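Subject: Structure for your review

Dear colleague,

Please find below the structure I am handing over to you.

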Amino acid sequence: MAQVETKKPTSPSGGWSDLWKKEDYWAVWLGLGVVLVAILLWSSGSTAMKWLAISVPSYSEFGKASSYISTHVGGIIALYLLFVVLFSIAVKILGHKLSQFIPGFTVVFIMSLAVTILGSWDVMKKFNMEAPLLALAVGLIIGNFIKLPKFMDASLRTEFFVKTGIVLMGATLPFTLILQSGPVAFLQATIIAVTTYLTIYWAGTRLFGLDNRFAATLAAGGSICGVSASIAIGGSVKAEKQHVSIAISLVVVWAIVMIFALPIFIKALNIPPGPAGAWIGTSEFADAAGMAAAASINEQAIKTFTLMKVVGRDMFVGIWCFIMAFISITKWEKRQDGTKPNAGEIWTRFPKFVLGFFVASIIITALVAGADPAASKDITAQVIGPLKELRNWAFIFTFLCIGLTTRFKDLTSVGWKPFAAFTTGVLVNVPLGYILSVVVMGGYWAMVQ
């Protein structure tokens, strides 16, 4: 969730029309739709999902990769058509031009395929530059040194890709694991979110003299879920559009730093994958960036990251919006109409893709629970495995788009005071995340499989 783009503060819910007019809902519909289709194909005896879930094997000689690609051309084309059709339906209804999106997404897909092939090379793996981080690096280089054609703008939909990927991820995590680890993740997230939020807000208002609303928006971006929180909280407290944009830029700056820094620290300190993923979940500032960092470790790290970040921190958005709207109205604004925040604000701001994540997990968990051992093994091979690969592709699109939409020259113009306030929160968040994830609860997170 780290796409740099100027957005208007979040507006109140539009009722039933939100179901097809909001990107959050479309991520849910597409993700759950793919899950249900995968189940239907499996139940009919089809292996189509496994056929199009392309996964380039690790190789030391390029001939192995080229051989794999040449024998899977049909699957690659089918994979492209699946994504382009699904995303095009949503993009069209959301009001964007398919004449721009489809050519742009075609370029994104081809670049993602190239990154996937190169990221499977054992030399890249040796330097921890597998597909996710490589996609980010390639995107940053191209985005900052090559002027992209205008039609690409419609296809660089970072948040949409990552939200869809997170819904698909739900299908790969047993709901029993979420129920078991969710309370722990939420407790840890509460400590992290409250401490980091208050630190950034205090530094912004007391040390650097920032406006209350501006400081609140910065604090949300650094403590809850990055870009989405900055936009949602900014809308709740009526922050200026420029302040929301600055908060988004700072989230991107630190998210990119942490993508590379956290894995380096994790490997240097020999932190096991489970606690490592939880630390990334507490100390990364965006879902997409955190997923890239976790993916550079292993699947267990991805699981604990997801539990910590999605189940733990992302769920705070709606609650925090309600609290900050209440404070803004009663303390910061002199309102004449007597309007007060209501509980509906929580639902309006709550990230709907989190619900899709839970539903996907429940569906697959129920399916496996009702199957005999042989069928359960087949479900893992024909349903869960392919969904995991589709999830990986959605995340590669995400990381590539983060790089292509990040301009370093724009990030240097935010001013030193907002940067200093946000960085103060980083200096508290990262060590606290390490203490909670590795020292205090390391044993617990290590057992999450």
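This is a predicted model: local features need pLDDT of at least 70, side-chain atom pairs count only at pLDDT 80 or more; totals for chains, interfaces and linings use all residues.

The secondary structure of the chain comprises 23 helices and 0 strands. Of its 449 residues, 58% count as buried. Among contacts between residues at least 6 apart in sequence, 80% join residues at least 24 apart. The chain has an accessible surface of about 18,100 Å², and carbon and sulfur atoms account for 67% of that surface.

On the surface there is a nonpolar patch formed by Trp 16, Trp 20, Val 85, Ile 89 and Ile 93, which together have about 560 Å² of accessible area. Helix α5 (residues 73-93) supplies the largest share of this patch, namely 3 residues. Trp 16 is located in the segment before α1 (18-21). Its relative accessible area is 70%, and Trp 16 is therefore classed as exposed, the cut-off being over 50%.

Thr 172 is found in the loop that connects α9 (158-170) and α10 (175-207). With a relative accessible area of 9%, Thr 172 is buried, because the limit for that class is under 20%. The side chain of Thr 172 reaches the backbone oxygen of Met 169 at a distance of 2.7 Å. When neighbours within four places in sequence are set aside, the residues in contact with Thr 172 are Lys 303, Ile 384, Lys 388 and Arg 391.

With kind regards

Key
Residues are numbered from 1 along each chain as its sequence is written. Side-chain values use heavy atoms; hydrogens and water are left out. Patches are made of residues with over 30% relative accessible area and no salt bridge: like charges are joined within 9 Å, nonpolar side chains (Val, Leu, Ile, Met, Phe, Trp, Tyr) within 5 Å. Accessible areas come from the Shrake-Rupley method with a 1.4 Å probe; for residues, only the protein chains shown count as cover. A salt bridge is a side-chain nitrogen of Lys or Arg within 4 Å of a carboxyl oxygen of Asp or Glu. Helices (H or I, at least four residues) and strands (E, at least two) are DSSP runs, numbered from the N terminus. Buried means under 20% relative accessible area, exposed over 50%, partly exposed in between (1.4 Å probe, protein chains only). A polar contact is a pair of N or O atoms within 3.5 Å; within protein, one must be able to donate a hydrogen and the other to accept it, and residues adjacent in sequence count only if both atoms are side-chain atoms. Contact means heavy atoms within 4.5 Å.
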